[in-house]
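Here is a short tour of charge pairs and strand pairing, meant to be read with the model open beside you. Take a look at the structure first, and then let us walk through it together.

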Amino acid sequence: MKTFYITTPIYYPNAVPHLGHAYTTVYADILARYHRLKGDETFFLTGTDEHGLKLQRAAEKKGIHPKEFVDEMAERYKNYWSLLDISYDRFIRTTDPDHEELVKWALKKLYEKGLIYKAKYPGWYCVDCEKFYSEGEYEVIEGKPHCPIHKKPLEWLEEETYYFKLSEFTEFLQKTLKRDIVYPRQYAQEVLGKIEKEGLLDVSLARPKSRVWWGIPLPWDEEYTTYVWFDALLNYVTGAGYLRDPEKFNKLWANTHHVIGKDILWFHTAIWFSMLEALEIPLPRKVLVHAFLINRGLKMGKSAGNVVFIEDLLQRYQDSDGLRYIIARIFNLQKDIEVSTDLFDSIYNSDLADNYGNLVRRVGTLVKRRLNGKLTAGKVDEDVQKTIEKTIEEYTAAMNSYEVSRAVEHIMDLLRRANAYMNESKPWEKQAPVNELYTVMEAVRTATIMLHPIIPKSTTRVAKAFGFQINYNALSTHLEEYNVTEAPILFRKVKRT
Ligand code: ME8
């Protein structure tokens with residue numbers, strides 16, 4: 001059996017997730033569900049990044065201990081993901097005991113290998129990014145360095161710290177990034193360009209406890225706290241069971257897929273690949289990088305004050321499937337996408353209500369009325385059959401190459417073709433329109449199976465109402481008999497305001 005291991009970034013739980021986080025998480029969930037549908041042994045990891053200055057300050061503001069704060073926030077994340085039907089296998093928290101154990105093990109190993117040394121670190125720091133910015137990276141606004149993402153003034157920090165010898169990995173990274181490991185490839189080029197231009201500098205992997213006490217202490221110097229990114233990246237290794245379940249780890253790790261937004265590309269390539277190499281752990285199979293959701297011209301984010309709330313969209317599109325579908329349709333690895341209610345409404349209305357929903361309702365109603373709900377195999381229209389076969393191929397190729405929005409478009413084409421066939425063949429004018437209805441049913445059934453990873457709730461409902469199984473292998477066979485018990489109305493159109 002094939003395995004498939006997929007991860008999302010672990011999010012900072014200083015605030016509840018917004019549409020940007022849902023964008024990544026739903027995409028990863030669709031890939032996880034697709035691989036489960038195909039019968040692969042799938043493990044899907046998401047979670048929260050709970051240490052560091054950002055969380056320490058967020059808790060301070062509320063006057064509570066960071067642990068109390070993150071305990072509450074982690075529950076809220078889980079609740080959001082359950083509202084969106086996110087089928088994670090583990091929700092990892094960087095405060096989990098097995099993770100803390102792994103981070104200490106990793107630091108010790110790097111220290112013993114002589115890859116960590118102590119020196120002074122001066123620089124401009126963004127608390128929201130938990131990151132130092134060098135000249136050329138930060139923006140100068142009114143003569144002062146500002147964070148290029150948050151547009152807030154940077155803080156000047158100078159402190160004794162421990163460094164990781166990232167510079168030793170220059171050649172290794174250049175070789176690795178030329179391999180087929182980052183998808184789309186343009187992002188690997190970006191990282192290579194940065195290395196070429198700026199060289200690879202050693203990175204600080206600790207913070208003095210006096211400033212950042214909320215985190216994992218360095219095993220050899222308790223006066224220092226592990227830098228939150230070193231801690232966070234290792235979650236992927238903990239989650240796969242590296243120390244506690246090596247058998248599971250070996251199975252999963254060979255087919256690791258990290259889904260990330262392009263804002264954290266550097267960490268997931270330059271830093272992460274070098275850390276893994278230093279720890280003698282193989283590299284992931286793929287880092288899947290996507291572009292941003294933009295709102296009113298800026299990357300959607302809490303500090304930009306332009307977030308779209310998940311609950312508002314769940315309400316507008318009635319349930320998780322509507323929002324999941326919209327995300328799948330607009331999802332773009334290369335291009336930033338501007339959010340727009342008009343666009344979202346029109347995707348929901350035309351694809352879900354008018355195309356899929358309408359066809360399900362029409363064919364279900366006719367099979368019930370004309371054939372008493374029992375439809376035994378007839379002859380599938382040749383042209384529709386060809387479209388079905390072509391769609392399965394295109395869908396599978398698109399999903400195998402992580403192009404979810406393309407896969408969805410192919411399914412919609414099939415459904416449009418089936419709607420048109422229904423209009424042409426007019427089964428409602430015939431006495432016993434078995435062949436016509438069977439043709440449409442086969443299109444609906446195959447489309448439903450393919451849509452399952454994207455809209456699990458509605459597709460499960462259709463399969464139950466029409467009496468078929470959701471199973472990838474069933475795509476290439478015909479169903480002997482349909483038993484239609486209900487002709488559900490799946491999606492109610494959203495009224496434009
Ligand atoms: O970076 N458009 O956490 P984070 C698209 N804890 N994706 C977006 C987005 C937007 N406008 N806004 C957020 C962190 N995202 C670290 C990660 S992993 C070891 C540690 C998504 O809460 C996107 O996936 O800031 C981005 O990479 C991630 O949320 C950042 O989440």
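Glu-486 counts as partly exposed because its relative accessibility is 32%, where buried means under 20% relative accessible area, exposed over 50%, and partly exposed in between (1.4 Å probe, protein chains only). Its partner in a salt bridge is Arg-461, which is partly exposed as well, with a relative accessible area of 36%. A salt bridge here is a side-chain nitrogen of Lys or Arg within 4 Å of a carboxyl oxygen of Asp or Glu. Glu-486 sits in the segment after β20 (481–483) and Arg-461 in helix α17 (residues 456–466), so the contact ties together parts 25 residues apart in sequence. Helices (H or I, at least four residues) and strands (E, at least two) are DSSP runs, numbered from the N terminus.

Please keep in mind that this is a predicted model, in which local features need pLDDT of at least 70, side-chain atom pairs count only at pLDDT 80 or more, and totals for chains, interfaces and linings use all residues. Residues are numbered from 1 along each chain as its sequence is written, and side-chain values use heavy atoms, with hydrogens and water left out.

The whole structure holds 34 salt bridges, including these:

| Pair | N to O distance |
|---|---|
| Glu-486 and Arg-461 | 3.3 Å |
| Glu-50 and Arg-93 | 2.6 Å |
| Glu-280 and Lys-113 | 2.6 Å |

Glu-50 and Arg-93 are both buried. They also belong to a network of salt bridges with Lys-67 and Asp-71. Turning to the other pair, Glu-280 is exposed because its relative accessibility is 54%, while Lys-113, at 39%, counts as partly exposed.

Strand β1 (residues 3–11) is mostly covered, with 9 of its 9 residues buried.

Elsewhere, an open sheet of 3 strands has the order β17-β16-β18, with mixed pairing. Its edge strands, β17 (298–299) and β18 (337–338), each pair on one side only. Strand β16 (residues 293–295) pairs with β18 in the parallel sense over 2 bridges, and Leu-293 has Ile-337 as its bridge partner in β18.

Definitions and conventions
Pairing = 2+ DSSP bridges.
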